[in-house]
Amino acid sequence: MKSVITALALLAGASASAAELPSVEHFMRHATYSNARISPTGEYLAIGVDRGGQDVLTVIRLKDMKLLKVNVLPDEKSVSGYQWIGDDRLIFTAIRKVGSFAQPFGTGEWYAVNADGSQPRPVIFYGSRGTAERAKAVFNQRFGMVDPLEDDPRNVLMSASSPRSRTGSNTELVMVDTVTGTRKTLATAPRENCSLAVDEKKQPRFALCFDQENEDGEYDTRTELYRLGDDGKWALVNNTDIGDGKQVRVAWTAKDGTIYALQDDGKKPAAFGTLDRQTGTFQKIFQDEVSDISRYVVSPTDDKPLAVVTEAGIPRIELVDEAHADSELYASLAGAFPGQVVNFSTATRDGSKVVVSVYSDRNPGELYLFDRDTGKARFLMKAREWVNPENSASVRPFDFVNRDGMRIYGYLTIPKGSDGKNLPLIVNPHGGPMGPRDNWGYNPETQLFASRGYATLQVNFRGSGGFGKAFQDMAFGQWHTGIMNDIIDATRWAINEGVANPDRVCIYGGSFGGYSAMMAPAREPDLYSCAFGYVGAYDGEVQMKLSDTSRSEAGRAYMRRAFGATESERAEAMPVTYASKIDIPVFLAAGARDPRCPPENTEVMFEALERAGNKPEGMIIQSGEMHGFYDVDNRVNLYSQMLEFFNRHIGDKAQVATN
């Protein structure tokens, strides 16, 4: 077993470090695995391994933990979305990584391979190949997995979407033969821009369709839910009119046919419940007043929900079916790992073997294999075997009421052994700003800062995901005002609580966090001692003309609503406009190939600060990198320079300079 873990660690670029103070590389190397899926019979485990700019797919035989195959795609494409087809065959898609701060984008290609690496086949590809594979080629269609049909060793169900108009597409449910690539259409969506779902019998049953415009013509997402009847006709089940302003989306269908769904009124966090198959009536099971459900604990035997997880602070697990036999099993496993979060990750077809995931703020993650026959859980592997949880910093949730009377939530990472008082503080706003959020768990970046004596503050400001649509929508038009108020108020809260030394506070972030690292000091020049902006968006016109977001009408509509419909409005919202107000030390970094926040943002910000008489202390435009660095050496260089920057201004060197 140890040899397999070591092999996976080497694939991920890991090596042990014996230094008393962990090196920067200790934190910046990539995790051993990203996800794992057990095969239907429990013979194999498929594991994704992050090699920086490329993810590969490995297969382990569980009886002896032998590494059978490493699947590597050409041209630096990454493996993603892998699932088992039958007992010993996998299907997966190809993606390209845009950077560690951005979601990767799919290439549209799909491949299938046996567990031992035999019979590799391209299932869906673009372009031309030999005559034997011509049937697998597609042109303008895009394919997504709907159901792997793990009881069928050859076929899968996929959605196939074709452009119909400038802003819309037509979607079909197709059965795809993973050997020949032939496709058979089973159903067509009722309108443009839909996703399709199947019922417990793997028959087409639901379509969730969306529009990206509200009644005022602004960017927004509105949904309609349709059901396919036995007569082959689609019927509208729910939209904002039928649902009294509440939108419904199907989450999944259990093996007994129970339909689980979410109902969202656009105000409070969404409610979880069941949906009547015939009438579309929603019956609520659970709803939290503060936090959306972040994930579910589902029975590995019948797909019934056992518990829901919410994350206003530390993840809170609420059992929703205490009578279910697997709820007792889950409670027993959770009790074996006190202070940690436990979940059923993946299971065999009969539920007899379950891969259990465990993590905490100090534990980067572990996998165990639970066997119902023996009643025992066997350790499989650690995400970062070189990390000792006993040496990790703790992450504490906090909340406060901002200047507008809203309760805001966040997290403080406190160095191990510290009393949590009068610390040098790094304020670390997350990216987005809409949708992403900070979570409780092991974060290599904040752990690195803590190892050097810095506390880190992360705040889920207005616009953050996980707190309901209304809270998220507050970010529109509030980038430089309301969101900055929340970040500034959180900083002052940390100072007033005695956590932070008011003379030793810096701000650092990536993507929108980079934007915030420039804008917050422009708003409050005396609050921060230094600022580090990483792959940030600083200039509205650069974003509107050069970013990948600007390549679609929906993306441009989003940006118009998010930070300005006109050039003057965008200028008012952008940090580059306020360079003359930023009179603290600044450091900037960007990826030379960043499509999301092009490096021109960083160059323009640097020049504006230089003209204002505050030339940044440094600037990194890293070749080969995109929206967040992947290469370990590049990450080590980035964070080494970042730590030196913080040390000069709020660290030990700053202390020496003032004595």
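**Entry 1: Ile47**

I looked up Ile47 to begin with, and at 0% relative accessibility it counts as buried. Buried means under 20% relative accessible area, exposed means over 50%, and partly exposed is in between, with a 1.4 Å probe and protein chains only. Ile47 lies in strand β2. Helices (H or I, at least four residues) and strands (E, at least two) are DSSP runs, numbered from the N terminus. I also checked Ile47 against Thr32: the two are 15 residues apart in sequence, and their C-alpha atoms are 9.3 Å apart in space.

A note to myself on what I am looking at: this is a predicted model, in which local features need pLDDT of at least 70 and side-chain atom pairs count only at pLDDT 80 or more, while totals for chains, interfaces and linings use all residues. Residues are numbered from 1 along each chain as its sequence is written, and side-chain values use heavy atoms, with hydrogens and water left out.

**Entry 2: the whole chain**

I then stepped back to the whole chain. Its secondary structure comes to 13 helices and 36 strands. The radius of gyration is 25 Å, close to the 26 Å that the globule rule gives for 659 residues, so the chain is as compact as a globular protein of that length. For that value, the radius is taken over C-alpha atoms, and the globule rule is 2.2 Å times the number of residues to the power 0.38. Along the principal axes, the C-alpha atoms fill a box of roughly 75 × 60 × 55 Å.

How many of the 659 residues count as buried? I found that 57% do. I looked at contacts too (heavy atoms within 4.5 Å). Among the contacts with a separation of 6 or more, 54% come from residues 24 or more positions apart.

**Entry 3: aromatic pairs**

Next I went through the rings, and the structure holds 33 aromatic pairs. Rings of Phe, Tyr and Trp (its six-membered ring) pair if their centres lie within 6.5 Å; planes under 30 degrees apart count as stacked, over 60 as edge-to-face and the rest as tilted.

I picked out Tyr44 and Trp84, which form a stacked pair, 6.0 Å centre to centre with 20° between the planes. Tyr44 lies in strand β2 (residues 44-50) and Trp84 in strand β5 (residues 78-85), so this pair ties together parts that are 40 residues apart in sequence. Tyr44 counts as buried at 11% relative accessibility, and Trp84 counts as buried at 3%.

Trp252 is buried, with a relative accessible area of 18%.

I also noted a cluster: ring pairs link Phe449, Tyr454, Tyr508, Phe532, Phe587, Phe645 and Phe646.

Where does Pro521 lie? I found Pro521 in helix α7 (residues 512-523). At 1% relative accessibility, Pro521 counts as buried. Not counting residues up to four places away in sequence, Pro521 touches Ile507, Ser516, Tyr528, Ala531, Lys581 and Ile584. I checked Ile582 as well: its C-alpha atom is separated from that of Pro521 by 6.1 Å, and the two residues are 61 apart along the chain.

Asp548 is in the loop between α8 (540-546) and α9 (553-563). Asp548 counts as buried at 19% relative accessibility. With residues up to four places away in sequence left out, Asp548 touches Pro595 and Arg596.

**Entry 4: backbone angles**

Which residues does a cis peptide bond join? I found Gly432 and Pro433, with omega about 0°. Pro433 sits in the loop between β31 (423-427) and α4 (444-451).

Ser511 is not a glycine, yet it has a positive phi of about 65°. I found Ser511 in the loop between β33 (500-510) and α7, and at 9% relative accessibility Ser511 counts as buried.

Val535 is not a glycine either, and its phi is positive at about 40°. Val535 lies in the loop between β34 (530-534) and α8. Val535 is buried, with a relative accessible area of 0%.
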